[in-house]
Amino acid sequence: MEKFQAVLDLHLKHHSALGYGLVTLLTAGGERIFSAVVFQCPCSAAWNLPYGLVFLLVPALALFLLGYVLSARTWRLITGCGCRARASCGSGLRGSLVCAQLSAAAALAPLTWVAVALLGGAFYECAASGSAVLAQRLCLHRDHNCAAELPLVPCHQAKASDVQDLLKDLKAQSQVLGWILIAAVIIILLIFTCVSRCLSPVSFLQLKFWKIYLEKEQQILKSKATEHATELAKENVKCFFEGSHPKECNTPSVKEWQQISSLYTFNQKDQYYSMLHKYVNRKEKTHSIRSTEGDTVIPVLGFVDSSGINSTPGL
């Protein structure tokens, strides 16, 4: 039991890193299965380039869009936005920063797909062998039929041996591009992490406390919401069958739900740990908490919007 608790604690503390690692492994595994089972290069001058690019880029695009769909921040940004005509729906610089952060997080899986595909080489070999521009460069000083036979290289059907040897060059190019992409992503991620941490308005230990607070707030919020929803449902069902009037049940209004569901912004004067925290401590009951002077979007605090009733582990 103690070992299970230790594993659970490790998951709760590092669930974001473990989640990204799982996504990376699943994406890499999916790419290998695709390249081995589904992918069959047509070895045609007309089809090699589009066929190879489709397998290289379209799954990456699908994974990129899926990253948006699975992000809690995406739905915080757009849910009900059309009904709030002049309300802040992530407008201006704030919306741009949030979209940039969402795009960066959603790009993990597609970049993994492209990198693993390039290291494998099959997709690139097929696409490059159908490119007329690359054919001129690769076939320089080779057999005069090289350009015509180059599309047959991925299928090992080229008659000239020096043309068939170009398969090694294509694979080498693909793998070099794959490693360059991996190195570039790691460097950019390291720079972004260092800069965002350097610009953090709070200290390392306060960030730790902040994440603990959010975890507990969401646990209590779900527990209380479940209890309140159960009582409300019981009262309504009871009144339906008995033909009586329901007792008054104080449920937050639409405006109140919108207030605590909006994107988090940091204010140096009043440091709140969530929109719920900010809402209950507002000075004026009629005052909107979504747009206050001095509010800014801080990249390192993006985890505040990622928490939700259904996204907290163990609930």
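Because the model is predicted, local features need pLDDT of at least 70 and side-chain atom pairs count only at pLDDT 80 or more, while totals for chains, interfaces and linings use all residues. Residues are numbered from 1 along each chain as its sequence is written, and side-chain values use heavy atoms, with hydrogens and water left out.

The protein has 15 helices and zero strands. Helices (H or I, at least four residues) and strands (E, at least two) are DSSP runs, numbered from the N terminus. Of the 315 residues, 34% are buried. Buried means under 20% relative accessible area, exposed means over 50%, and partly exposed lies in between (1.4 Å probe, protein chains only). The protein exposes about 19,600 Å², and carbon and sulfur atoms supply 67% of that area; accessible areas come from the Shrake-Rupley method with a 1.4 Å probe, and for residues only the protein chains shown count as cover. Among contacts (heavy atoms within 4.5 Å) with a separation of 6 or more, 69% are between residues 24 or more positions apart.

The interior can be read through its nonpolar cores. A nonpolar core is a set of buried Ala, Val, Leu, Ile, Met, Phe, Trp, Tyr and Cys residues joined through side-chain atoms within 4.5 Å. The largest one has 26 residues, and those with the most contacts inside it are Phe 39, Val 114, Phe 123, Leu 150, Val 153, Val 163 and Leu 166. At least two residues of this core come from each of α3 (48–69), α6 (108–120), α7 (122–129), α8 (132–138) and α11 (166–198). A second, separate core of 16 residues includes Leu 214, Ile 260, Tyr 264 and Val 304.

Helix α6 deserves a separate look. It has 13 residues and reaches 18 Å from its first C-alpha to its last, close to the 18 Å expected at 1.5 Å a residue; the expected span is 1.5 Å times one less than the number of residues. Ten of the 13 residues of α6 are buried, so the helix is largely enclosed by the rest of the structure. Among the buried ones are Trp 113, Val 114 and Leu 118. Just after α6, Gly 121 takes a positive phi of about 90 degrees.

Two residues other than glycine also have a positive phi. Most residues other than glycine have a negative phi. Cys 43 has a phi near 55 degrees and sits in the loop between α2 (15–38) and α3. At 10% relative accessibility, Cys 43 is buried. His 156, with a phi of about 60 degrees, lies in the loop between α9 (146–149) and α10 (161–164). At 58% relative accessibility, His 156 is exposed.

The structure holds three salt bridges, each a side-chain nitrogen of Lys or Arg within 4 Å of a carboxyl oxygen of Asp or Glu. Arg 32 pairs with Glu 31, their closest N and O atoms being 3.0 Å apart. Arg 32 is partly exposed at 41%, while Glu 31 is buried at 1%. Arg 73 and Asp 305 meet at 3.3 Å, N to O. Arg 73 lies in α4 (residues 72–78) and Asp 305 in α15 (residues 303–306), so this pair ties together parts 232 residues apart in sequence. Both Arg 73 and Asp 305 are buried. Glu 125 and Lys 171 meet at 4.0 Å, N to O. Since Glu 125 is in α7 and Lys 171 in α11, the pair ties together parts 46 residues apart in sequence.

Aromatic rings form 14 pairs. Rings of Phe, Tyr and Trp (its six-membered ring) pair if their centres lie within 6.5 Å; planes under 30 degrees apart count as stacked, over 60 as edge-to-face and the rest as tilted. Trp 210 and Tyr 264 have ring centres 5.9 Å apart and planes at 85 degrees, so the pair is edge-to-face. This pair links Trp 210 in α12 (residues 204–242) with Tyr 264 in the loop between α13 (254–261) and α14 (275–280), 54 residues apart. Trp 210 is buried at 0% relative accessibility, and Tyr 264 is buried at 6%. The rings of Trp 210 and Phe 266 have centres 6.4 Å apart and planes at 40 degrees, so that pair is tilted. Ring pairs join Phe 209, Trp 210, Tyr 213, Tyr 264, Phe 266, Tyr 273 and Phe 303 into a cluster.
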